[in-house]
Amino acid sequence: MKIVVAGGRAKADFLIQSLVDKKNQVVAINDGEMYCKYLAGKYDIPVVEGNPCKKDVLDDADITNFDVCVALRPDDAENLAICQMASKIYQIKKTICTVANPRNVELFKELGVTNAISGTYMVASVIEKASMVDELAKTLDLEDGSAVITELAVKKEYPICDEMVMDVNFPDNVIIGCIVRGKEMTVPNGSFVVREKDKLVLISSLQTQKEMLKVITGGDSHASL
Amino acid sequence: MLFQKVKLVIVVGCGRFGAALAGCLCENGCDVVVIDKDPESFDMLPESYSGYQIAADGADINILENAGIGRAYMVIGATGYDCTNNIVCQAASRIYHVPNVYMRLTDPNMEKIIQGYGIQVIYPFRLSMREFERLSGIEVEAV
């Protein structure tokens, strides 16, 4: 893939290393003269010195029709401008940037950036998930959280225990992917009866996950988001 | 008719341009909020200015929300930084559907990224070129 990495220091270095190792064609743009020399010395890639928010600098990098643009500047507004120029002027389909303000993760996506990454945002969501339920073995976000896989062990006091699957009143957009009992995995039909210690693997949307957990656990305090 | 009372105007950037605009709009009866990172920049505001001042980063969506961008009648990106003006104006126009959005843009190359979003752009560069043309009578190619 053809990838342009704009701005960034340690992040850029690390990313370029891993991209080059995987045989990608990488172009780096950086406004630090010394850092450009360092990158050019370390990697066998074109390095363009200059502020990547400027079109003439991007022109120099010759990135038209590249596959991916990664913007790693410390300023969120600059990263947005870089990503938008990459897609609007250079027809780069995938644009990714780091953001300092976690609110910008959603905002930037709405403004056309393919993926905005915030350290704070990720840590917060991991903590949120971790504190959600002790008995939640795992929740896994797919498609940036629009779909969630939840793994949950059934306790005796849960309303779902000893119920048939068809009698469980799940909200929309929830499905039991499979149930693991002991070492056996079953994709349950409606008449399957859920027992204590069964492990449910559920697929839902992020919005319905909370409601879904309530139905399963009966609003168990530990299991509320 | 344009300037009825309680029309909320948010001006981001309190340099000479932003401060003067804020003063005028305030005198015209608008509810004005000025946002600038540098609290000292508010010294630029005319003495008659009676609107609000927020010393914070105008590119921060939380700050814009606190300033009332959701019900704003007009938002003006008046900082000296194109990138900041870009995020402010795009958020105003595309996310909060503010009916009147004005943006100062020093680099005409950035034009492409804001086309089609209903943002009115002010180019100091083009204005200077035009004024030179008018004063000198020498035709300069529009850039």
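In this predicted model, helix 4 of chain A and helix 3 of chain B approach each other across the chain boundary, and their axes come within 8 Å. The helices cover residues 76-88 of chain A and residues 82-95 of chain B. The crossing angle is roughly 75°. Angles of 65 to 115 degrees count as roughly perpendicular, and the two helices are therefore roughly perpendicular to each other.

Which residues meet in this contact of helix 4 of chain A with helix 3 of chain B? From helix 4 of chain A come A:Ala77, A:Glu78, A:Leu80, A:Ala81 and A:Gln84. Helix 3 of chain B supplies B:Cys83, B:Thr84, B:Asn86, B:Ile87, B:Gln90 and B:Arg94. By class, the contact holds 5 nonpolar, 4 polar and 2 charged residues.

Now chain A as a whole. Its secondary structure comprises 7 helices and 11 strands. The C-alpha trace spans about 65 × 30 × 30 Å along the principal axes. The radius of gyration of chain A is 23 Å, whereas a compact globule of 225 residues would have one near 17 Å.

| Property of chain A | Value |
|---|---|
| Residues that count as buried, of 225 residues | 46% |
| Contacts joining residues at least 24 apart, among those between residues at least 6 apart in sequence | 54% |

Notes: Residues are numbered from 1 along each chain as its sequence is written. Chains are lettered from A and ligands numbered from 1 in the order in which they are written. This is a predicted model: local features need pLDDT of at least 70, side-chain atom pairs count only at pLDDT 80 or more; totals for chains, interfaces and linings use all residues. Side-chain values use heavy atoms; hydrogens and water are left out. Axes are lines fitted to C-alpha atoms, for helices over the stretch in contact, and angles run from 0 to 180 degrees between N-to-C directions. Helices (H or I, at least four residues) and strands (E, at least two) are DSSP runs, numbered from the N terminus. Angles under 35 degrees count as roughly parallel, over 145 as roughly antiparallel, 65 to 115 as roughly perpendicular and the rest as oblique. Contact means heavy atoms within 4.5 Å. Ala, Val, Leu, Ile, Met, Phe, Trp, Tyr, Cys and Pro count as nonpolar, Asp, Glu, Lys and Arg as charged, and the others, Gly among them, as polar. The radius of gyration is taken over C-alpha atoms; the globule rule is 2.2 Å times the number of residues to the power 0.38. Buried means under 20% relative accessible area, exposed over 50%, partly exposed in between (1.4 Å probe, protein chains only).
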